[in-house]
Structures are given as structure tokens and as C-alpha cells.
Amino acid sequence: PIGFTNTQVNNDINTFVDTETWGASLTSDFELENGFVITNIVAYRSWENDGNPRDLDNTAAQQTLLNRATQLSEAKSAELRLASPAGGLFDFVSGLFYYDHEVEQTNFNQGYRSADVANRGTINPDGTITIPASFFKDGVSNSSVASKNVSAFAQFNFRPIENVTLIAGGRLIHEEQDWFFNRTGITLANRTALGPIEESFEDEAAIWKLGAQYQFGPDVMAYATFGTGYKGQGINAALNLTAAEAARQPLNPEESELLEAGIKTQLFDRRVTLNLTGFLQSLDEYQAQALDPILGGSTLTNAGSAELNGVELEFAARPLEGLTLSGGVTYLDASFTDFVAATCYGGQTVAEGCVGGFQDVTGGAFPNAPEWRGTLSVNYETPISTNGRQLFINYDLRSQTDVQFEVTQDPKTIQPGYSISDLAVGAKNDEHGWTAEVFVKNLFDKQYVSAIETWPQVHGGPGGYLHLLPRDFNRYFGVRLSVKR
């Protein structure tokens, strides 16, 4: 039955995901006689994923026979940095950065489209389908995206008068991307063979930051900064890529500007920390996944311009011996400022703003950005023996108002506001490095989702939605023991 608390699904394929990840990094610091420090950082990360994670039709009918993907991601980076002695009239840090990242992916799917079942097929009592053999789809795609990023950066701090610090920094970026894509057969979305496609792209950018700090005293500091940001050209290499999508790649880079000002304080003999920050951020050529009603699925697109403005308050306090309070509250006003050609959501009418498959969402909510969000953590510790053992109780609360998950502003992809509480009670000994606790996650059993996706393939047309459930969608509890040596 359809309902927000129903977790039952119709799966008739063997769903699984197997992931292996590892990494290593090495940091070397060399201090020179004049106090300058040379830092060298090298790192490597590997991520492998193999899975058959989803029955695409989400019905008891055996339409999806295989929906498998294998992925390999390798990232290498190196940074060489020179830092002057901190403090005094002037100090700086400068360096070079290199990043090399490659993603290889193979996708398979086999089965029958929902439209074929609805129009020509027969679902038998045992769940099998009688469909003409010509309607069977078998698609395979191989793709890779290799990105190389080389940059030079520096930041300078200048103190012309007492208690004042002026900040200036920047980064020069050169990025290269190599892209390969090849698909054979016909996918469940009726995509035919495409490729092989092999292309290379280059881009350059300069980003910068200016700021100032004023130290009112040892425990109070105010600051203001303005800076720009850059996210490289976007490439879509999904299984269901169309020739039209491939022809308009790469997507334009995403650029941002951020004005931030705030005050950081430590009060009452540093028993209270209170930080207040205000920010104004703009995004241009925002890269996002959006539903395309013509393609019948999501595609990567430049989703216009947006503004994300807000205020954030953070606090931490120790009002009593053994009692610590911490948390924060964020107010966020996030919306699209220029997005006149967004795709329509499933079932949207002309009266609701859908004309020719597109709509104007200027002024609409920015995805996954609740207006209010807050956290609170209460921790109490008390000795229970003379050898360092302590009893502790920890309560965590996180709360937010409603959130829109889709660029299309679909009213059915809104998560209402919710509050989640976690509780833990246990004992520990910091000197000997052990902790034992009993915990309850989602103490009051409040159901919520981490995302809602439109899924037009479900049941053969618009109106299908997937609710993605977090681990604590339902209340659960357990026992945890940790030891550190």
C-alpha cells in the first residue's frame, strides 16, 4: 500500500552492492633555519563498486532481469607548499597542487520496458511476462572520464596596525578532461547503440579571496571576506546517454561568489563559545540532475543561477562540571534567480506553468536546502571510580523544516519538517582507552527520507516516485564497544 511509513518493495532480482575502498597519504614537513616550512603531501585513493542495486520497474512483474554496474575510481594528488613563520607584520603560504582522477564504468541492463508490458505484453499469474522476443532489450555501455587539475596558489596576511589583519589569496587553475563512451544493444529506456565517442576538453580559471580581521581582544574576533569559486566542466557518461546530450557536452563550469562576515567569541573564562556568521552566496551555471520528460529520465544540466543567503549561529558551553552543551541554528534563504527553461515535473499542466515540456522555476526553492536547520548536543560525564572510569549520557537532536529535493519543484518531492533524537548511555576510561555504551537511534521513531526521486519508468509513465530511506528511518538500538591503544 502507498504510504509514507511503508518500507515494503517489489523486487524480483537479486539486489546487492559490493564496495571496496582504501587510501594512503604521506605528509612531510621540513623546517628551514629561517623558520620557513616546506610541506609535501602525496595521496592515493581507490574505490571499486560492483552492484545490481535496483529493480527498475519496482513491480512484482519480472520485467528487469539485470541492472548491473561496475565502477572503478582512482585519484592521485600531490601538493608542495611553502609557509613563512606565522605572525609579525607579514606572513604567507604558497604552493603547487596536482590532481589526477579517473573513473571507469561498465553498465548492463536486460529486460522489458514498462511501456511494452502495458501495450503488448501479458503478465501471467506467476509474475512472468509473455512478450514478443523482439521487445527484449539488452544494453551495455562502457565509459571513462579522466580529469587532471594543476594549480598554483598563495595567500598573504598583512598586519599594518595592531589587531588588524588583511588577507589576500588566489589560485590559478588549469584542467584537462578526457572522455570516452560506447554503448551497444538497446537499453530498457529504448536507447540504441551510441559511440564510440572519444573527446578531450580543457579549461582555465582564476579564483581569489580578499578579507580582513579585527581582534577586539584575546577572545573576540570579527572578520569579513569575499571570494570566488569554480567547479569544472561537467560530463555525463550514464548508460542512457542520448546523442543530443553527448553533442552538447561538456556542461559549462559552475562559478560562485561568496560574501561572508561574522564574529567569533569565547566568553566567561572561555566556558562559552559563541560564533555568528552571515553569508551571501551566488551560483552561476549551477550543475544539477534534472528530470527530462522527453527522455523519460534524469539528465545532467546547467540549472541557471541561484542565491543562497543566510545566518548561522554556533555555540558551546560548560555551565556545570561535567555538563557540555553545543549546537547551532542556521537560517537559509535559497532559491533560483534565473532558470527559465527547467523541465516540467510529471503530470504538470499548462495551468501549473508547463509549456512545451518546460517551465520557469525562477524564485523556486533550491534543492535540499531547508529554510531552518538546528542541532543540539547535551553530554554529561561523572566519575564512578578513582581509577578514571566515568559514566556518561549523551543526547543529540537535529531538526529542520521542509525541504524540496527536485529542481523541477514537484510538490510530491517535498520532505516535511522533522526532528530526530539519539540517546546513548555508557561508561568509559580515557586513560585506558575503552568505551562501552548502549545507544538508541531515532528515539521517538520519526519517519523521514533522505531523498525523493521522480521515476517515470515505474508503472509505465509519470507518477512514479522513489523514497530513499536512511539507516535510522525507523528506531533502532544497539551496543557499542571501542578500544584505542
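The structure, a predicted model, holds ten salt bridges. Side chains of opposite charge can pair when their charged atoms come close. Arg-398 forms a salt bridge with Asp-422, with 3.8 Å between the closest N and O atoms. This pair links distant parts of the chain, since Arg-398 belongs to strand 20 (residues 389–400) and Asp-422 to strand 23 (residues 418–429), 24 residues apart. Arg-398 has a relative accessibility of 29% and therefore counts as partly exposed, whereas Asp-422, at 11%, counts as buried.

Arg-398 also forms a salt bridge with Asp-472, and here the closest N and O atoms are 2.9 Å apart. Asp-472 lies in the loop between strand 26 (465–468) and strand 27 (476–483), while Arg-398 lies in strand 20, so this pair ties together parts that are 74 residues apart in sequence. Asp-472 has a relative accessible area of 9% and is therefore buried. Arg-398, Asp-422 and Asp-472 are linked with Lys-441 in a network of salt bridges.

A further salt bridge joins the side chains of Glu-437 and Arg-480, at 2.9 Å from N to O. This pair, too, links distant parts of the chain: Glu-437 is in strand 24 (residues 434–441) and Arg-480 in strand 27, 43 residues apart. Glu-437 is buried, with a relative accessible area of 14%, and Arg-480 is partly exposed, at 36%.

The aromatic residues form a second set of contacts. A pair of aromatic rings is described by the distance of the centres and the angle of the planes. The count comes to 16 aromatic pairs. In one of them, the ring centres of Tyr-331 and Trp-372 are 5.0 Å apart and the planes stand at 55°, so the pair is tilted. Tyr-331 lies in strand 16 (residues 323–338) and Trp-372 in strand 19 (residues 372–383), so the pair ties together parts that are 41 residues apart in sequence. Tyr-331 is partly exposed, at 27% relative accessibility, and Trp-372 is partly exposed at 42%.

Phe-336 and Phe-366 also form a tilted aromatic pair, with 5.6 Å from centre to centre and 45° between the planes. Phe-336 is in strand 16 and Phe-366 in the loop between strand 18 (358–359) and strand 19, so this pair ties together parts that are 30 residues apart in sequence. Both Phe-336 and Phe-366 are buried. Elsewhere, ring pairs link Phe-36, Phe-90, Phe-92 and Phe-156 into a cluster.

Trp-372 also takes part in a nonpolar surface patch of about 530 Å², together with Ile-263, Leu-274, Leu-276, Val-311, Leu-313 and Val-329. Strand 12 and strand 15 (305–320) are the elements that give two or more residues to this patch. Leu-313, in strand 15, is partly exposed, with a relative accessible area of 33%.

Strand 12 (residues 272–284) runs antiparallel to strand 11, to which 13 bridges join it. Thr-225, placed in strand 10, is buried, with a relative accessible area of 15%. Beyond its sequence neighbours up to four places away, Thr-225 touches residues including Leu-258, Leu-259 and Glu-260.

Definitions and conventions: Residues numbered from 1 in each chain as written. Predicted model: local features only at pLDDT ≥ 70, side-chain atom pairs only at ≥ 80, totals over all residues. Heavy atoms only, no water. Pairing = 2+ DSSP bridges. Helix = DSSP H or I, 4+ residues; strand = E, 2+ residues; numbered from the N terminus. Patch = residues over 30% accessible without salt bridge, like charges linked within 9 Å, V, L, I, M, F, W, Y side chains within 5 Å. Areas by Shrake-Rupley, 256 points an atom, 1.4 Å probe, with all protein chains shown as cover. Salt bridge = Lys/Arg side-chain N within 4 Å of Asp/Glu carboxyl O. Buried < 20%, exposed > 50% of the residue type's maximum accessible area, 1.4 Å probe, protein only. Contact = heavy atoms within 4.5 Å. Phe/Tyr/Trp six-rings, centres within 6.5 Å; stacked < 30°, edge-to-face > 60°.
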